[in-house]
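Trainee: Before we go through this model together, could you put it on the screen and take my questions one by one?

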Amino acid sequence: MSWIVGQAIINGLLAGGIYALISTGVTIIFGVMKMINFAMGEFLMIGMYMTWIGYAVFGGNGYTQVLFAIAAMVVTAYVCFRLTIEKLLGRSSTAYILMTVGLSFFLQNLMQIIFGPNYKTIPSSINTQSIYVGEYSISVPKLIAFICALVLIFVISEIMNRTSLGRVMRATAEKTNVAEMLGIDTKRTFTIAFIMGIVLAGIAGLLLTPIYDIKPTAGTIFKSTALMIVVLGGEGSIKGAFICGMFVGLVEQLVATFISPDLGPAAIFVFFLLVVYFRPQGLFGQRRRTV
Amino acid sequence: MIRKNLKRQPLILLGLLLILLGVPLVVKSNYYISILVYCLAFAGLGSAWNLIGGYGGQISWCHSGFLAIGAYTAIMIQKYLGISPWLTIGIGVVLSFCLATMIGYGTFKLTGAYFSLATMAFSEILRLLLLYFKGITGGAAGMYAPNKLKPGFGNLMFQTDVPFYYIMLIMLALVALVAVIFEKTKTGQYLRAIKDNETAAQSLGIETFKVKLRAFQLSAVITSVIGVFYGTFLGFIDPASVCGNDVAVKIGLVAIIGGTGTIMGPIMGAFILVPLIEFAGVLFGPRGGSQLLYGLGIILIVLFMPDGLIQLFRQKAWGKKEKAKSGGA
């Protein structure tokens, strides 16, 4: 019994790292642009496909495609921003919701048409390796994903807190029109924030290629979970996204182990509703929230 | 301009109703009738969605959930208890009222995307629950309406789809009537004010939370009633056909393409979108190509025609554009 609990906790935390990474991407976009990106799961899925393309062209394994995948995601994000999101700046938040949901449908089915509905995998000996700590087994790709996620989140939070780019982004997040008056190019800031968020989702996709099949619907399971984590964590809070990501991974894994794998997301949703009722500013947010 | 349209609207609707009443006399093919039933069903669903999503600007992605509640209660109770679908309407209504209250209660105190997010999560959970309780819901394999009951109007079982055509037409007429009345009630007026500027509405003493909740409850209840007829019309339901994310998007899209916050918008949207999807489905297969259209449809409409296709029929469409641009976040 205690072994099952321990193993579930390990798996939950490992999954939580990836959740935290995607949620950090969502929260940067959300914090700076006040836009909830409902297409985040699809950008993760595109990240997986970009990794696969890199593998098909250059060979190697999933991890060696990191530069190619980042470059491809930057281009994807920039094109998406210029063609769609940019035109909506200054319009109501309803327009953002509709646009990102439209994008998510469009991208998912576009990939389905281009690559077909069949699964793709990147074969590598790492995929099935595990290391053992005592009696517990830890899957190597999950561990790599976890460590990379932690490092990335740390880097992002340092950028936000210590660099001038971070200062500009925080100022824009605080009050866009005031930032503009102070001479900040807010449109450029939005572009950077959007690209940063999308690249994080793409890297999460890359880290997931050894663990999950690459298919057009691969992002769907992460989509609503990541969005809920951001609400749980609090507006634009990277710390909140990080802690809640870990927590949600844990809860999901425990419910999946002890009740049913199908009900993991249901538990998170119930938790989400409870937080919205009793602490609408999120567990780590301070201000009253309006999007 | 809206006022002027309001006066003409009942006449247009009445004319449309008369034309639609006559259609089965001309169209004899059951296939075309069934497509028209889909059109009418989604026109009704889109109109119901419009009550909260269009007039209130609160974008819901869980109307597929309420549709599923109606459809599943109808088929399940018919299967296990042998009771006519007519009698299950009440159960679906109560269930969806409670669930709408549950979703709205927390999220309507907040503004913007929180509601959308909760609705998206909710319909996903409902889908998972339908898959999980396979013993009674049939799980992913779905379930057929049983043939236990006598065919006929009392049990909603017919040889052709023509009776369903008339039932859906009556439903659509009722929903349109509700929408016409809703536009004139205080709740409807307040809801428009909330859509324009929630903070301003609040400062004028409008209890925005209650107004939004009421509209959402009404919208959910109507959707589940349509769900009962939709489920019996399909005769076979599975989570993908009534509860999937694409169904939720399709319901909203019907209103968005036609024009949100108008009576005619969702009706027009349904009669354009549903045949288009059917056509694309035949051409490209049920997934991929036809669903690409949903996404592309939303993107193009949001970018170029935020007021929907109904804008084309309005003379002073240009004044509207100005407003859409200056309407702040």
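**Chain B and its contacts**

Mentor: In chain B, 77% of the contacts with a separation of 6 or more are between residues 24 or more positions apart, a contact being heavy atoms within 4.5 Å. The model is predicted, so local features need pLDDT of at least 70 and side-chain atom pairs count only at pLDDT 80 or more, while totals for chains, interfaces and linings use all residues. Residues are numbered from 1 along each chain as its sequence is written, chains are lettered from A and ligands numbered from 1 in the order in which they are written, and side-chain values use heavy atoms, with hydrogens and water left out.

Trainee: What radius of gyration does chain B have, and how does the value compare with the globule rule?

Mentor: The secondary structure of chain B consists of 15 helices and two strands, taken as DSSP runs numbered from the N terminus, with helices (H or I) of at least four residues and strands (E) of at least two. The radius of gyration is taken over C-alpha atoms, and the globule rule is 2.2 Å times the number of residues to the power 0.38. For 329 residues the rule gives 20 Å, so chain B is as compact as a globular protein of that length, its radius of gyration being close to that at 19 Å.

Trainee: What share of the residues of chain B count as buried?

Mentor: Buried means under 20% relative accessible area, exposed over 50% and partly exposed in between, with a 1.4 Å probe and protein chains only. By that criterion, the share among the 329 residues of chain B is 57%.

Trainee: Which residues have the most contacts inside the largest nonpolar core?

Mentor: A nonpolar core is a set of buried Ala, Val, Leu, Ile, Met, Phe, Trp, Tyr and Cys residues joined through side-chain atoms within 4.5 Å. Leaving aside residues up to four places away in sequence, Phe66(B) touches, among others, Leu99(B), Ile103(B), Phe122(B) and Phe216(B). The largest core has 194 residues, and those with the most contacts inside it are Phe194(A) and Phe66(B).

Trainee: How far apart in space are Leu309(B) and Ile257(B)?

Mentor: Leu309(B) is in the loop between helix H14 (289-304) and helix H15 (317-326) of chain B. Not counting residues up to four places away in sequence, Leu309(B) touches residues including Ile257(B), Met268(B) and Ile301(B). Although Leu309(B) and Ile257(B) are 52 residues apart in sequence, their C-alpha to C-alpha distance is 6.0 Å.
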